[in-house]
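Welcome, and please take a moment with the sequence and the 3D view below. After that, we will walk through the model together, starting with a pocket.

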Amino acid sequence: AIPESVIAADKVTYRKLTPKPASEEAPEPEVVSDTTVVASFISMLVFMLALATVFLLLAPQRTEAARARLITRPFASLGYGFVALSTLFGAVPLALMTLIAIPLIPFIILATVALWTLAYLLAVYALSWWLVTSIRPLKPSLVNRLLAIAGGLVLMSLLHYLPFFGWIANIIVVLLGFGAMAPEFLAMRTRSPVSR
């Protein structure tokens, strides 16, 4: 009841509020079908195998050198990978602080994504080929190496379902790949005409 001294009774309107049904309050979350998940995984697998084919055919010596480096010196590759990835991540705030390099941030992000993909693919190739040849020696043909990469990609994808260790395993794989690639990029830099 509102007193007359506050407002006249004929100016007061009463409206009853009814709660909305549960279906209107919160929409049901979209459920991703199994077909969509499988199709996405197959698309990713085809893309990664195509990328691996390009590097195995166009840069076989560099790819094999990086693979051998990762297998023979895994701890060094892990350390170099941590430094290389930290450098890439640190380039974005550094560009923000300098202000002049802000237009380069999209290129830095694209380079980070591209190198992340290559590092992951290289480490999967190195580890899966080492595991397969340790069990049974195989001829290092293109088909055998692609089959090993496909198996490694499937195994790494299954590790995503582990609550905590899957994430750690994938990060370690990426760091190993970065560390194995870093000397190759440094060698290309020292041999480039610009550096001379």
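Which residues line the second largest pocket? The lining is made up of V37, V38, F41, M44, V154, S157, L158, H160 and Y161. Two elements, α2 (34-58) and α6 (142-159), each give two or more residues to this lining, and α2 gives the most, with four residues. By class, seven of the lining residues are nonpolar, two are polar and none is charged. Here Ala, Val, Leu, Ile, Met, Phe, Trp, Tyr, Cys and Pro count as nonpolar, Asp, Glu, Lys and Arg as charged, and the others, Gly among them, as polar.

The volume of the second largest pocket is about 230 Å³. Rolling a probe the size of a water molecule over the atoms shows where empty space is left. A pocket is an open set of points on a 1 Å grid over the protein atoms alone, where a 1.4 Å probe fits, with protein on both sides within 12 Å along at least five of seven lines; lining residues have an atom within 4 Å of a point. Points are joined across faces, edges and corners, and the volume is the space filled by probe spheres set on them.

Before going on, please keep in mind that this is a predicted model, in which local features need pLDDT of at least 70 and side-chain atom pairs count only at pLDDT 80 or more, while totals for chains, interfaces and linings use all residues. Residues are numbered from 1 along each chain as its sequence is written, and side-chain values use heavy atoms, with hydrogens and water left out.

Now for the overall plan. The chain has seven helices and zero strands, giving the pattern α-α-α-α-α-α-α along the sequence. Helices (H or I, at least four residues) and strands (E, at least two) are DSSP runs, numbered from the N terminus. Of the 196 residues in the chain, 26% are buried, where buried means under 20% relative accessible area, exposed over 50%, and partly exposed in between (1.4 Å probe, protein chains only).

At A91, α4 bends by about 30°, and the proline P93 follows within four residues. That bend is the angle between axes fitted to the seven residues ending there and the seven starting there. The buried residues of α4 are S77, G81, L85, L88 and A95. After α4 comes L99, with a positive phi near 65°.

How many salt bridges does the structure hold? There are two, each with a side-chain nitrogen of Lys or Arg within 4 Å of a carboxyl oxygen of Asp or Glu.

| Salt bridge | Closest N to O distance |
|---|---|
| E64 and R67 | 2.8 Å |

Because E64 lies in helix α3 and R145 in helix α6, their pair ties together parts that are 81 residues apart in sequence. Through shared partners, E64, R67 and R145 join into one network. E64 and R67 are three residues apart in α3 (residues 60-72), so about one helical turn separates them. E64 is partly exposed at 23% relative accessible area, whereas R67 is buried at 17% and R145 is buried at 13%.

Finally, look at Y120 in helix α5 (residues 105-135). Y120 is buried, with a relative accessible area of 13%. Y120 and G177 are 57 residues apart in sequence, and their C-alpha atoms are 5.8 Å apart in space.
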